[in-house]
There are 2 protein chains.
Amino acid sequence: MGNADCVYPTSNVEYAHRVAIPPPQPFVKSLKYNLKETFFPDDPLRQFKNQPPSRKLILGLQYFLPILEWAPRYNLEFLKADLIAGITIASLAIPQGISYAKLANLPPILGLYSSFVPPLVYAMMGSSRDLAVGTVAVASLLTASMLGNEVNANENPKLYLHLAFTATFFAGVFQASLGLLRLGFIVDFLSHATIVGFMAGAATVVCLQQLKGILGLDHFTHATDVVSVMRSVFTQTHQWRWESAVLGCCFLFFLLTTRYFTKRRPKFFWISAMAPLTSVVLGSLLVYLTHAERHGVQVIGHLKKGLNPPSFGDLVFVSPHLTTAIKTGIITGVIALAEGIAVGRSFAMFKNYHIDGNKEMIAIGTMNIVGSCTSCYLTTGPFSRSAVNFNAGCKTAVSNIVMALAVMMTLLFLTPLFHYTPLVVLSSIIISAMLGLIDYEAAIHLWNVDKFDFIVCISAYVGVVFGSVEMGLVLAVAISLLRVLLFVARPRTFILGNIPNSIIYRNVEQYPNASTVPGVLILEIDAPIYFANSSYLRERISRWIDEEEDRIKSSAETSLQYVILDMSAVGNIDTSGISMFEEVKKITDRRGLKLVLANPGSEVMKKLNKSKFIENIGQEWIFLTVGEAVAACNFMLHTCKPNSMKDDQSEAYNNV
Amino acid sequence: MGNADCVYPTSNVEYAHRVAIPPPQPFVKSLKYNLKETFFPDDPLRQFKNQPPSRKLILGLQYFLPILEWAPRYNLEFLKADLIAGITIASLAIPQGISYAKLANLPPILGLYSSFVPPLVYAMMGSSRDLAVGTVAVASLLTASMLGNEVNANENPKLYLHLAFTATFFAGVFQASLGLLRLGFIVDFLSHATIVGFMAGAATVVCLQQLKGILGLDHFTHATDVVSVMRSVFTQTHQWRWESAVLGCCFLFFLLTTRYFTKRRPKFFWISAMAPLTSVVLGSLLVYLTHAERHGVQVIGHLKKGLNPPSFGDLVFVSPHLTTAIKTGIITGVIALAEGIAVGRSFAMFKNYHIDGNKEMIAIGTMNIVGSCTSCYLTTGPFSRSAVNFNAGCKTAVSNIVMALAVMMTLLFLTPLFHYTPLVVLSSIIISAMLGLIDYEAAIHLWNVDKFDFIVCISAYVGVVFGSVEMGLVLAVAISLLRVLLFVARPRTFILGNIPNSIIYRNVEQYPNASTVPGVLILEIDAPIYFANSSYLRERISRWIDEEEDRIKSSAETSLQYVILDMSAVGNIDTSGISMFEEVKKITDRRGLKLVLANPGSEVMKKLNKSKFIENIGQEWIFLTVGEAVAACNFMLHTCKPNSMKDDQSEAYNNV
């Protein structure tokens, strides 16, 4: 019963573009290509190609120690700039270091130790010119809350300290191995929205914790959520110390005023950079002169003179608390890494140089491994300090060396000066730094641009503030991943129509002037076809066909004869997806419709070919563009009688 | 310094297609649309539209009880077919039910109970015409291993039994709620590849467990992995019973022969369907006549006469084992559901009718809830039994009713006949059924078509066989999800070239005859742009630009001036993706290149517009097709002097 007129002129030049089936590649070759694209997208070995061995050695050393690359070009002008920047960040680093160490329930001196050795290591290995190394509030708080669940820092300070070093060691090992194993993309799973919400939540929590210092309370909850903290604060109103509170508010006002001023006039960056040290000096003087330490104003007390003692022997690898140390190390390590990389990258973007994420991870990781052996706890590149460094005009990582030397001098000679520093000043310094982390404008931007990102951001915030820091992080990452999975599980399908006066076919929702083609239903699938969406797509495609047939029935149009699937956006397909196509083919056959594919990509063509689906559908029914597919369908519609087509359909096409 | 010649003629008709920015939609409306597409892709309420209330009520009842829909059309011819099919599956259900109950460490009579009530419930509520309800080996084994970890079935049989009912109850509740909450897509995350590997692994494990029965061992390991089982078998070689082994091998040979025969001649389906019952009868007779039960051949023993006793009072909701019961219920429930839905769907596809996944879930869930209150354990639609039902020519779910009635008669009158049935025959029946589940051809197909699916399949198999059933499942699902995430995290980017004699631009790897355009780099991005891939894409795009510039340097071509990003396959974008574009814009600006977008979809345009990136790039640099973008670039390349362009680039375009 073959209808001779219905044979489609495959030789016709106008429709001669055929969809290519990529030549089969050996498995090993394609595996190698895929691994390279996954783990070495930046092709770091490119510069080593075609070089003599000696040059390769130098390049390799320079890869791991970038200082070898830039040190020979270093000059006096750079040094001048770096000196100013280094002294500025040192004046910020000293009070901040002490404050954050208190926040982590660690001896204050650790804050100074951590601003001495790690910056020196980073100066050798880091590739950022603007990153200023130091401890950060969020990681300090996390250390306190995660280790605090296991060991009480007041009851067993030695074990707690050793666990902190161990956690730092594992953080370093984890960070460095992420870099060495080229798994840096794990950090990418902390999206911008997650970080905005998480940082704001952590800043809120850190500020709440400072109520202890501001109100001069002795006992305070170990939990970080807002409910516990508020209960802790309001159940001991009789313990509040007004002297402490007044002092705290005054310094906070001073710090916030200088920050506000600097924000409006960035040239005077040094005012806000120096403000914390000024507060410490003023506060210490005040306490020393008024003996306020006897009237309820707590002070830091004795700080040991001298440089970092070695702490390699303090690392505990056999204790029953090892799991906690590893867990704390990994979580704080990832968060510190995310901040360090993001900060490094943004300043590199400003100054037009390139930062290699994996290399940075190795640098930050090594710095923490070395730090954990020299009485330091977790360090990274905090945003606030790096911004001061940048504004102070730093040129290279030498500013970190200058800072380290300044801290060294402090450790050697100036620690007794901090004896009378009131804790409430440290709390004010922390609060003032934290308020800058609550980026409500970014949250508003997220709401305006992408509601889902806003949900992720808010859930991170709510999780941190009402649950715990870890819960907020896990919640936000889980929701972000769910979004990716939902995108794949529920891809969009669109009806395409013809843009007037063209052979272009586009989504009729986006282009209302696009007109559908009578007798032809053109669908675009918007995502890779995987097991997670194959049943959905089958259901959705049949529903489109149902709806189209219903619509046609109610009007007097040509009955539906062709279903064209535009595969341009289908990046990949798996075996479930291929089964889905086979089922869709059966569904369309049953209804007397012809299934046509347009523009499948190379991956898709390869798999459709291997699974014999191309033979099933007929290669002549796969077109390079939707336009060509429609032209072919129109040719058939107008050459063949519709009735004979529907009845003899299978035979007619088998004869092609 | 604006160069008048460089103004691009936007009024030119040839290039007049503008990319539309979809009109802003109220948040609630788009949320509603998205929720509908996510949870109601099949639009189940469509048939209720524009119907009078009485009709709506009837349709609603028919939705939940499909029997109301087909019963009025039921006729004698259907009944004849269903009678034959029902009796055939009953003859399979009785021995299989007893065997699987033994596998689950439950009293054998539960296997018969479970083939009585649940089929009746399913006949009312199920929408499949071919599904034969019954217990399944894998879920039985899982019940045994998960509950067995908590309670020893031999030491505390009563508690174990009650936990099995409770687990069944929760499985039912979970299944029904998945259906009611329209979350059926969770089952889709068990991909075809996962199921092939998992089923083969479970079948291997179940066969290994039967060594206990075949070798007549009294003591046997509770673990299911191959290492433990082999150790258990070979440490007690002196306990092996040759009588039992010989009997087992004979029956296994008989069963496999009938299966092989039926496979080659599907018309004689009843031979393999009757074989298990024949084996039971022959085995029982043999034992009865030779008194083999006294020579090491274990028999079933006493089976209580009578119908299912109620067991609602036995459900334990307060026990310390509740968590185990819930966990077992959810895991077995999901696996049973996946099998039931897949089986229902494949036969519906054969016979050209439609199965609503969510409706089926409600039916299977209700059947298990009712079952758990009437002394049944987990049931679903096993593949083997449904295939027999289909081959026996069943027409409707009445075949399930016939089976239930046959089982009822057995329960009322025939249970004493099973007293002498040897356990080894049950083992042979299980092994013979399980061997059919090892679908090595499907695994070979996966290897040929999609290596990644093969890895998923093998890891499920290895996880089940060497670890545990749950581990295999978790492993396979985790790898499947990792694949989806990897697709999003590492999207492909291609260079596009012009297909000769056309304005079509395609991937030069797939179409080697496509030629690149001098001075223009055209890149296609193959996936949605999300936080997970935005850094990767930024790196990859700059590497493409680097490589292209290197290539041009070594040849004598026109220097690179334009980078066109083809966004056809970018289904969505989030705020991290938009930041990525902003950074890419900076990178290209810095290198004196012009960034051009082609064919962004509606979601992408909406978000680029909201984030003001369109203003940043200039709307005149966003084109509907790559062809039009290239035409515009070529126009500019040939109209403007390249040098003046590179220098005055920003001003020149600001004047447009």
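Biologist: What pLDDT does chain A average, and what share of the residues score at least 70?

Modeller: This is a predicted model. Chain A averages a pLDDT of 85, and 95% of the residues score at least 70. Two stretches of chain A fall below 50: residues 1-5, with 11 contacts beyond near neighbours in sequence, and residues 642-656, with 24 such contacts. Where pLDDT is low, the predicted coordinates should not be read in detail.

Biologist: What ipTM and pTM does the predictor give the complex?

Modeller: The ipTM is 0.82 and the pTM is 0.81.

Biologist: How do you know that the copies meet through the same surface?

Modeller: Of the interface residues of chain B, 100% are also interface residues in chain A, so the copies meet through the same surface. The contact takes 70 residues from chain B and 70 residues from chain A. On the side of chain B that touches chain A, 28 residues are nonpolar, 22 polar and 20 charged.

Biologist: How are helices H20 and H21 of chain A packed, in angle and distance between axes?

Modeller: Two packed helices are described by the angle between their axes and the distance between the axes. For H20 (residues 440-449) and H21 (residues 451-467) of chain A, the angle is about 145° and the axes are 6 Å apart. H20(A) contributes Ala443(A), Leu446(A) and Trp447(A), while H21(A) contributes Lys451(A), Asp453(A), Phe454(A) and Cys457(A). By class, this contact of H20(A) with H21(A) has five nonpolar, no polar and two charged residues.

Biologist: Why is helix H1 of chain B said to lie largely in the open?

Modeller: A residue needs 20 or more other C-beta atoms within 10 Å to be buried. Of the 13 residues of H1(B), the number buried is zero, so H1(B) lies largely in the open. As for its length, H1(B) (residues 27-39) reaches 18 Å from its first C-alpha to its last, close to the 18 Å expected at 1.5 Å a residue.

Biologist: Why is Asn105(A) called buried?

Modeller: The cut-off is 20 or more neighbours, and Asn105(A) has 22 C-beta neighbours inside 10 Å, so Asn105(A) counts as buried. Asn105(A) sits in the loop between helix H4 (76-103) and helix H5 (109-113) of chain A. Its phi is near 60°, a positive value in a residue other than glycine. Most residues other than glycine have a negative phi.

Biologist: What makes Arg182(A) partly exposed?

Modeller: Partly exposed means a count between the exposed limit of 12 or fewer and the buried limit of 20 or more. Arg182(A) has 17 other C-beta atoms within 10 Å and is therefore partly exposed. Arg182(A) also has a positive phi, about 60°, although it is not a glycine. Its place is the loop between helix H8 (157-180) and helix H9 (185-188) of chain A.

Biologist: Which residues of helix H25 of chain A are buried, and what covers them?

Modeller: In H25(A) (residues 602-610), the buried residues are Val604(A), Met605(A), Lys606(A), Lys607(A) and Leu608(A). Their cover includes helix H24 (575-590) and helix H26 (613-617) of chain A, together with helix H20 (440-449) of chain B. Just after H25(A), Lys612(A) takes a positive phi of about 65°.

Biologist: Why is Ala325(B) called buried?

Modeller: Ala325(B) has 26 other C-beta atoms within 10 Å and is therefore buried, the cut-off being 20 or more. Ala325(B) lies in helix H15 (residues 322-351) of chain B. Leaving aside neighbours within four places in sequence, Ala325(B) is in contact with Leu163(B), Thr166(B), Ala167(B) and Phe170(B).

Biologist: How far is the C-alpha of Ala325(B) from that of Met146(B), 179 residues apart along the chain?

Modeller: Those C-alpha atoms are separated by 8.7 Å. For Phe64(B) and Glu243(B), also 179 residues apart along the chain, the C-alpha separation is 52 Å.

Key
Residues numbered from 1 in each chain as written. Chains lettered and ligands numbered in written order. Predicted model: local features only at pLDDT ≥ 70, side-chain atom pairs only at ≥ 80, totals over all residues. Contact = placed C-beta atoms within 7 Å. Nonpolar A, V, L, I, M, F, W, Y, C, P; charged D, E, K, R; others polar. pLDDT = per-residue confidence, 0-100. Axes fitted to C-alpha atoms, helices over the stretch in contact; angles between N-to-C directions. Helix = DSSP H or I, 4+ residues; strand = E, 2+ residues; numbered from the N terminus. Expected span 1.5 Å × (residues − 1).
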